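Here's a friendly walk through one chain, for anyone looking at it for the first time. Have the structure open while you read.

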Amino acid sequence: LVAAVGEAETAWSRVANVSFKDIGLCAPGTPAVRLTPLLTGEEPDTAMLGAPAAGQADQVNVAFRFPSRRSCSRGDDPVIRRACVYGVSVHEFGHVLGLPDVAYSASAPADCLQRGDHPPLPIPYDPRSVMNTCNDAHYFGRLSDADIASVRALYGRPAS
């Protein structure tokens, strides 16, 4: 499953000028995020978006168990579990890179609104985005054209 997380990092590095590096335990003040595997079925999350997330105290929670997720409900199947860990990791690393959930879009359809008390964001709604929690396919980590354009707008194309 750890390999699936590494492949999620590579998914972003293939399309933009970003790289992730496992540095183990970080010295205080090191710009880094702490990856925490969730083994009890808790919801994955990332506390902050983009550069503010790169602090020792901030962590990225990646689910390794999926008791309630529709696409991942057969998470005891090792192939499905690996695919879901990959997809959730791609999504959470998207947050680390600065991309919000598109369900917060002011133009999200009514059946997708998942804002709670979060204000609507002036971002386009992309039904195929890996950042779209309303799209069960996002669990499989396929970057949409809009995901790629967004991350390239922030970081540029991958170095050749």
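Residues are numbered from 1 along each chain as its sequence is written, and side-chain values use heavy atoms, with hydrogens and water left out.

Let's start with confidence. pLDDT is the predictor's confidence in each residue, from 0 to 100. The chain has a mean of 76, and 63% of its residues reach 70 or more. Among the elements of the chain, α3 has the highest mean pLDDT (93), while strand β2 (residues 45–46) has the lowest (56). Over residues 52–57 the value stays under 50. Where pLDDT is low, the predicted coordinates should not be read in detail.

Now for helix α3, residues 145–155. Helices (H or I, at least four residues) and strands (E, at least two) are DSSP runs, numbered from the N terminus. D147, I148 and V151 are buried here. Buried means under 20% relative accessible area, exposed over 50%, and partly exposed in between (1.4 Å probe, protein chains only). The buried residues of α3 pack against α1 (2–15), where contact means heavy atoms within 4.5 Å. After α3 comes G156, with a positive phi near 85°.

The largest nonpolar core has 21 residues, of which W12, V15, V90 and L143 touch the most other members. Such a core is a set of buried Ala, Val, Leu, Ile, Met, Phe, Trp, Tyr and Cys residues joined through side-chain atoms within 4.5 Å. α1, α2 and α3 each supply at least two of its residues, and α1 gives the largest share, 6 residues. Leaving out residues up to four places away in sequence, L143 touches A11, W12, V15, V90, V130 and I148.

Finally, the side chains of E7 and R82 meet in a salt bridge (2.8 Å, N to O). The pair links distant parts of the chain, with E7 in α1 and R82 in α2 (residues 78–96), 75 residues apart. A salt bridge is a side-chain nitrogen of Lys or Arg within 4 Å of a carboxyl oxygen of Asp or Glu, and by this rule the count is 1.

| Residue | Relative accessible area | Class |
|---|---|---|
| E7 | 35% | partly exposed |
| R82 | 32% | partly exposed |

How values were computed:
Predicted model: local features only at pLDDT ≥ 70, side-chain atom pairs only at ≥ 80, totals over all residues.
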